[in-house]
Amino acid sequence: MTAVPGDTQRPEADERDRPPPPRRSPSGAGRGDGFLRKSGTFFTGTLLRTLAQGALFVLLAREMPISTYGLFVGVTALIAVVSPFASAGAPSLIMQNYADAPGDWLKHLVRGLFLSTIFGCAATVLVAAAGVVIWNTDVALVDLLCLAFADLVAWRLIEAVAASIQVRGRILLAALIPALLHVCRLAAAVVLATAAEPITLHDWAVTSALLSTLVCLPVIAGGLRGGGRGMVGLGGALRQARTGMLFAVGLAAQSIYNDVDKVMLSRLGTPESAAIYAAAYRVVDLAYTPARSMSAIAYPRFFEAGRGGPRAALRMARGLLPRFLAFSVPVSLLLAGFAWLMPLVFGADFEAAIPALQGLSALLVLKSLHYLAADALSGARMQGRRTVCQIGIGVLNILLNLWLIPAYGWQGAIASSLLCDALLAVLLWGCLAAAVRRDRAGAPPSPQSMERV
């Protein structure tokens with residue numbers, strides 16, 4: 001991909017006085033644009049993070065009783081559903097605002113941190129209250145609070161810092177910062193696993209909260225370095241919260257059709273079925289890491305391309321699509337072929353995860369399709385349309401799960417996931433095509449005609 005603003009060294013004191021960077025080719029997929037090089041750089045950190053998450057997932061699956069682990073999966077899935085609201089879309093706001101005003105990066109970051117703190121604390125309380133209703137005394141309130149705080153406050157603050165660093169061109173550092181937290185969590189889990197007794201939910205919840213806080217504070221301090229000592233007002237942060245909530249609602253809907261099935265399985269099915277489904281889904285998520293790295297590099301560029309209207313954003317998405325499919329199609333087939341390894345990795349209790357992984361492997365292709373179209377809509381300042389599509393699919397996913405999970409267990413959850421992801425891809429590409437047809441010969445839209453997000 002082409003270099004993002006900030007790739008070259010520049011004196012910080014003169015940053016505000018620089019003229020806007022020249023408009024580059026919106027495709028972002030030209031031969032000399034360095035897209036694969038930047039994706040490979042970002043992949044280094046993303047792979048470290050994903051491997052640490054996967055190893056942690058396997059370790060906890062082996063060290064926790066499967067019923068306890070099923071509850072843990074349900075709680076973390078609930079947190080994942082709420083997590084987009086915890087930052088009010090701060091990372092996306094930082095990227096979009098930087099595309100418009102790169103000299104004000106410190107202001108964008110501080111406002112993002114402020115929103116992440118306020119909304120993250122509110123989301124933590126919401127998750128704790130919902131968890132008490134869903135699991136009653138099966139999960140202690142203090143465990144809910146600790147698990148929620150670790151992911152909804154500490155993690156979201158780290159994510160905002162990483163977004164600010166990425167748009168300034170420091171790709172590898174932006175990928176390594178989030179990985180740091182997960183590597184530390186894995187190390188802590190290894191220490192807990194050395195004890196004679198199984199890891200309890202309480203042990204892990206308290207450890208995760210304390211460790212996440214210890215990692216978060218120096219990351220924030222490092223992210224603010226180089227911004228000068230001037231005061232940065234927070235007045236605009238709350239005004240931008242409404243804009244950010246469009247991103248948050250869309251991401252929440254995305255989390256719903258990705259994670260609500262795990263919550264519902266732990267409640268409507270059994271903790272064991274939730275654990276089996278979650279194990280297969282985690283492998284799919286791990287396999288998607290290279291495509292996720294490409295998406296992370298392309299996402300800020302969509303905002304730059306989108307200033308030229310939906311036609312430019314579509315051109316970029318179409319240029320990237322062959323690369324995503326060249327990865328996702330063969331890897332999907334490999335997952336289906338090597339699914340027999342699941343019991344060897346997760347333990348004998350996960351024999352049923354073999355057909356679960358074979359069914360979910362097609363998600364790699366479907367995710368490649370709908371993530372590209374979704375990011376193109378966001379970059380073209382059509383986040384509202386993306387959000388509406390994702391909300392509709394999220395609602396459909398819940399309704400299908402209410403019907404399929406009680407009747408078919410994790411098999412029903414797989415059918416619902418495949419159907420919803422396929423339908424989402426059709427809707428998002430359809431919205432993008434409709435927007436292009438209304439675009440007048442590719443002319444850049446006026447600010448009044450664009451959906452400001």
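The model is predicted, so local features need pLDDT of at least 70 and side-chain atom pairs count only at pLDDT 80 or more, while totals for chains, interfaces and linings use all residues. Residues are numbered from 1 along each chain as its sequence is written, and side-chain values use heavy atoms, with hydrogens and water left out.

Helices here are DSSP runs (H or I, at least four residues), numbered from the N terminus. Helix H7, residues 201-224, contains 24 residues and reaches 35 Å from its first C-alpha to its last. This is close to the 34 Å expected at 1.5 Å a residue, where the expected span is 1.5 Å times one less than the number of residues. The buried residues of H7 include Leu-201, Trp-204, Ala-205, Ser-208, Leu-211, Ser-212 and Val-215. Buried means under 20% relative accessible area, exposed over 50%, and partly exposed in between, for a 1.4 Å probe and protein chains only. An α-helix has 3.6 residues a turn, so residues three or four places apart point the same way.

Two packed helices are described by the angle between their axes and the distance between the axes. Helix H3 (residues 90-100) packs on helix H10 (residues 289-305) at an angle of about 45 degrees, and their axes are 9 Å apart. H3 is therefore oblique to H10; angles under 35 degrees count as roughly parallel, over 145 as roughly antiparallel, 65 to 115 as roughly perpendicular, and the rest as oblique. From H3, Ser-92, Met-95, Gln-96 and Ala-99 meet Tyr-299, Pro-300, Phe-303 and Glu-304 of H10. The residues of this contact between H3 and H10 divide into five nonpolar, two polar and one charged. In this division Ala, Val, Leu, Ile, Met, Phe, Trp, Tyr, Cys and Pro count as nonpolar, Asp, Glu, Lys and Arg as charged, and the others, Gly among them, as polar.

Helix H11 (residues 310-337) holds Ser-328, and Met-316 also has its place in H11. Ser-328 is buried, with a relative accessible area of 0%. Leaving aside neighbours within four places in sequence, Ser-328 is in contact (heavy atoms within 4.5 Å) with Leu-364, Val-365 and Ser-368. Met-316 is buried, with a relative accessible area of 0%. The C-alpha atoms of Met-316 and Leu-372 are separated by 9.2 Å, although these residues are 56 residues apart along the chain.

Asn-136 lies in the loop between helix H4 (105-135) and helix H5 (141-167). Asn-136 is partly exposed, with a relative accessible area of 44%. Most residues other than glycine have a negative phi. Asn-136, although not a glycine, has a positive phi of about 50 degrees.

Key. Helices (H or I, at least four residues) and strands (E, at least two) are DSSP runs, numbered from the N terminus. Axes are lines fitted to C-alpha atoms, for helices over the stretch in contact, and angles run from 0 to 180 degrees between N-to-C directions.
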